[in-house]
Amino acid sequence: MKLLPTPVQAAALEETLQACNQAATWASQVAFEKDIKRNFALREHTYTAVKGRWGLGAQAAQHVIKKTCDAYTTLKANLTAGNLGKPSSKRYRRATEKPIAFRPEGAQPYDDRMLSWQYTQRTVSIWTLSGRMKGVAFTAAPEHLARLALYRKGESDLLFRDGMWFLTATCEVPEAELNTNVTQFLGIDLGIVNIATTSDGQLMAGRRLNRGRLRERTLRQKLQRKNTPPPNGA
């Protein structure tokens, strides 16, 4: 959902988001130095300071600490999966040799005690450092608005991106019922020589796609020999 705050509302949102991320960066330093990456354990060492130093409410402080722990959990998963290379690689060392830092305008979680939606009025009431701010307008595509009203559940994230404010809301949409009356099937085998082959014998060679790939590969090779950056960052 795209928020449409007034200048005063936008200033309050910016102040709040930056304070939350400053607090998360500090909590991350504590987690790194003490090697405490679990939510409840880290809360014992940071909760009081996060509330007092940055003026956060109880729920906001808890979300800041949980966000910090979740970031370390994600980092550990990436390290285990090898997504950052081997322990000797620069990427691996950069990720593990210093605490995680949060961008000033990084996303901040909100639960229903901090954020309420008025669907018909298309406004939200949201907690900020300046107090509860009511009547913040939002908009979205018609299908997203309908889905929000029917299926929204759980936390939402406040974020600032490309000069615009957003709330990303979680929706639990029920799955469509399984169609058990199907009598005909079409199998598709994906390949390298042929892009796809169907079970009824139709071949899709993808000649146009392959020609495009060859043209781009040839262009990249020429540019690399000249040490020229490829177009569009490809």
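**Entry 1: β6 and β7.** I looked up the pairing of β6 with strand β7 (residues 164-171) and found it antiparallel, over seven bridges. I took strands as DSSP runs of E with at least two residues, and helices as runs of H or I with at least four, numbered from the N terminus; two strands pair if DSSP finds at least two bridges between them. Arg152 has Cys171 in β7 as its bridge partner. The hairpin of β6 and β7 has two residues between the strands, and there Asp162 takes a positive phi near 55 degrees.

**Entry 2: basis of the values.** I note that the model is predicted, that local features need pLDDT of at least 70 and side-chain atom pairs pLDDT 80 or more, and that totals for chains, interfaces and linings use all residues. Residues are numbered from 1 along each chain as its sequence is written, and side-chain values use heavy atoms, with hydrogens and water left out.

**Entry 3: β2 and β6.** I next followed β6 (residues 152-161) to strand β2 (residues 108-110), with which β6 pairs in the antiparallel sense over three bridges. Tyr110 stands opposite Ser156 in β6.

Entry 4: I listed the contacts (heavy atoms within 4.5 Å) of Leu158, not counting residues up to four places away in sequence; among them are Leu3, Leu13, Leu17, Tyr110, Ile126 and Trp165. Buried means under 20% relative accessible area, exposed over 50%, and partly exposed in between, with a 1.4 Å probe and protein chains only. This core has 47 residues, of which Leu3, Leu56, Trp117, Val124, Ile126, Phe138 and Leu158 touch the most other members. Elements giving two or more residues to this core include α1 (7-34), α2 (39-54), β5 (131-139) and β7. The most come from α1, with 12 residues.

**Entry 5: Arg113.** I located Arg113 in the loop between β2 and β3 (115-118). Arg113 counts as exposed because its relative accessibility is 61%. Beyond its neighbours within four places in sequence, Arg113 is in contact with Gln59 and Arg132. I also checked Lys98, 15 residues from Arg113 along the chain: their C-alpha atoms are separated by 34 Å.

**Entry 6: the sheet of β8, β9 and β10.** I recorded an open sheet of three strands in the order β8-β9-β10, with antiparallel pairing. β8 (188-190) and β10 (203-204) are the edge strands, each pairing on one side only. β8 pairs with β9 (residues 196-198) over three bridges, and Asp189 has Thr197 in β9 as its bridge partner.

Conventions. Core = buried A, V, L, I, M, F, W, Y, C linked by side-chain atoms within 4.5 Å.
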